[in-house]
Amino acid sequence: MSKNYYIIPIFVPHLGCPHDCVFCNQKRITGLSTDVTEDYVNKTIMEYLNTFPKRNITVEVAFYGGSFTGIDKAIQRKLLAVPLKYKEEGKIQGIRLSTRPDYIDHEILSLLKEYKVDTIELGVQSLCDDVLEKSGRGHNSNQVYVASKLIKDYGFNSGLQMMIGLVGDNREKSLYTAREFVKLNPYCVRIYPTLVIKDTFLEKLYQRNLYKPLTLNEAIDITTDILMLFQFHNIHVIRVGLQPTDNITLGKDVVAGPFHPSFRQLVESNIIRIILKEYLDEKIRSYFNDTLIIEANGKTVSYIAGQKSSNIDYLKKIYGFKKVKIYNNNELNFDTLNITLGGYTEQLDRKTGIKEHLSKLKLIEG
Ligand code: SF4
């Protein structure tokens, strides 16, 4: 039986980060303003472990936010010693952290090895130097390639985080970054659309009309192609869109931008819509008053219908279907859709659909 995966998040707000990326107010993003101590880490781990089932689980402690390896090394050691103890006792199985590409070198990686860290995620954001500069990142793309290689050479899992809609960014540049990520072959990636957060330099640019955020539809459109690209290359996408919190929501700390609490679901549903559209368009026939029946694995069913049945409404409107029925069939795998039209059933493979779409856009060969 496969084990259930649990994560214990520990936010390290702005501790160790002297930078001021235009989009970041680290204290607001994490929702915390206190400095993290080893007591806090210990208490957090204990509290989470008490809520988890006792058996058949894999637990990972994750230091998020800030730039972990930029913190004073003595503090890094104190903080890492806590999860290390739990790992050695077999109470947790993994340790991960996130940091900046320019805070990676041999000395840092040796320290992280000593404390049995498993995964290092790099906040890359873009691999276009002009975008990095306009975003005030304070590092260049070359430092990402060097750090990513070093992390792998030391035997860590490497995670890469990218943002879309940054200052000076556009669709082509975001897709370039995603394709470069594929070449770096990371263990996992995260994709974040840029949001205008309160009390950031980006907010000032936005108020002076010097920055225009992506609309929600633009963000969905760009992220759809990027997610397809990563899925095609079997790269594990662990997050799409910023996690909503009490403050990370429009009208609170999010001043503007493509925020949606279920952003990933919107993107996954758009992937299914594109695949179905390309399949139905190829048939070159009228569907007027037909019934379309789609069977899929339970994990895929909600993506097929779309948020508030938006895909069903779309298919009815564009093709004139009288009814679109969707059924759960857990004997099918995640990528297979059984499509019944006019009494005939055909299998549609999601991955083949993704391949065809990416080929048309010339994002992959073939
Ligand atoms: S490096 Fe990270 S924590 Fe520091 S300002 Fe930039 S995004 Fe925020």
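The dialogue below treats sheets, helices and some individual residues.

Trainee: What kind of model is this, and how are its residues numbered?

Mentor: This is a predicted model, in which local features need pLDDT of at least 70, side-chain atom pairs count only at pLDDT 80 or more, and totals for chains, interfaces and linings use all residues. Residues are numbered from 1 along each chain as its sequence is written.

Trainee: In what order do the strands of the 7-strand sheet run?

Mentor: Some terms come before the case. Helices (H or I, at least four residues) and strands (E, at least two) are DSSP runs, numbered from the N terminus. Two strands pair if DSSP finds at least two bridges between them. Here the open sheet of 7 strands has the order β1-β2-β3-β4-β5-β6-β8, and its pairing is parallel. Its edge strands, each pairing on one side only, are β1 (4-11) and β8 (236-240). From one strand to the next the twist averages 20 degrees; such angles run from 0 to 180 degrees between N-to-C directions, and axes are lines fitted to C-alpha atoms, for helices over the stretch in contact.

Trainee: How many bridges join β3 to β4?

Mentor: Strand β3 (residues 94-99) is joined to β4 by 4 bridges, and the two run parallel. Within this pair, Arg 96 stands opposite Thr 119 of β4.

Trainee: Which strands form the edges of the 4-strand sheet?

Mentor: That open sheet has the order β11-β10-β12-β13, with mixed pairing. Its edge strands are β11 (323-328) and β13, each of which pairs on one side only. Parallel pairing is found between β10 (residues 291-296) and β11, which share 6 bridges; there, Ile 294 has Ile 326 in β11 as its bridge partner. Helix α11 (residues 298-305) packs on the sheet and touches β10 and β11, its direction making about 160 degrees with that of β11. Antiparallel pairing is found between β12 (residues 336-341) and β13, also through 6 bridges, and Ile 339 has Glu 346 in β13 as its bridge partner. The hairpin of β12 and β13 has 2 residues between the strands, and Gly 342 takes a positive phi near 55 degrees in it.

Trainee: Is strand β13 well covered or hardly covered?

Mentor: A residue is buried if 20 or more other C-beta atoms lie within 10 Å of its own, exposed if 12 or fewer, and partly exposed in between, with C-beta atoms placed from the backbone. Strand β13 (residues 344-349) is hardly covered, as the count of buried residues among its 6 residues is 0.

Trainee: Which residues of helix α6 are buried?

Mentor: An α-helix has 3.6 residues a turn, so residues three or four places apart point the same way. In α6, the buried residues are Val 144, Ala 147, Ser 148 and Ile 151. They cover an arc of only 100 degrees around the axis, and therefore lie on the same side of α6; the arc is that of the directions from the helix axis to the C-beta atoms. On the other side of α6, Asn 142 and Asp 153 are exposed. The cover over the buried residues includes α4 (106-114), β4 (119-125), β5 (157-164) and α7 (171-184).

Trainee: Where does Tyr 154 lie?

Mentor: Tyr 154 lies in the loop between α6 and β5. It counts as partly exposed because it has 17 C-beta neighbours inside 10 Å. Two residues are in contact if their C-beta atoms, placed from the backbone, lie within 7 Å. Not counting residues up to four places away in sequence, Tyr 154 touches Leu 109 and Lys 113. Tyr 154 and Leu 109 are 45 residues apart in sequence, while their C-alpha atoms are 7.2 Å apart in space.

Trainee: At what angle do α10 and α13 pack?

Mentor: Two packed helices are described by the angle between their axes and the distance between the axes. Helix α10 (residues 263-282) and helix α13 (residues 350-360) pack at about 80 degrees, with axes 9 Å apart. They are therefore roughly perpendicular to each other, since angles under 35 degrees count as roughly parallel, over 145 as roughly antiparallel, 65 to 115 as roughly perpendicular and the rest as oblique. The contact is made by Ile 274, Ile 275, Glu 278 and Tyr 279 of α10 and by Arg 350, Gly 353, Glu 356 and His 357 of α13.
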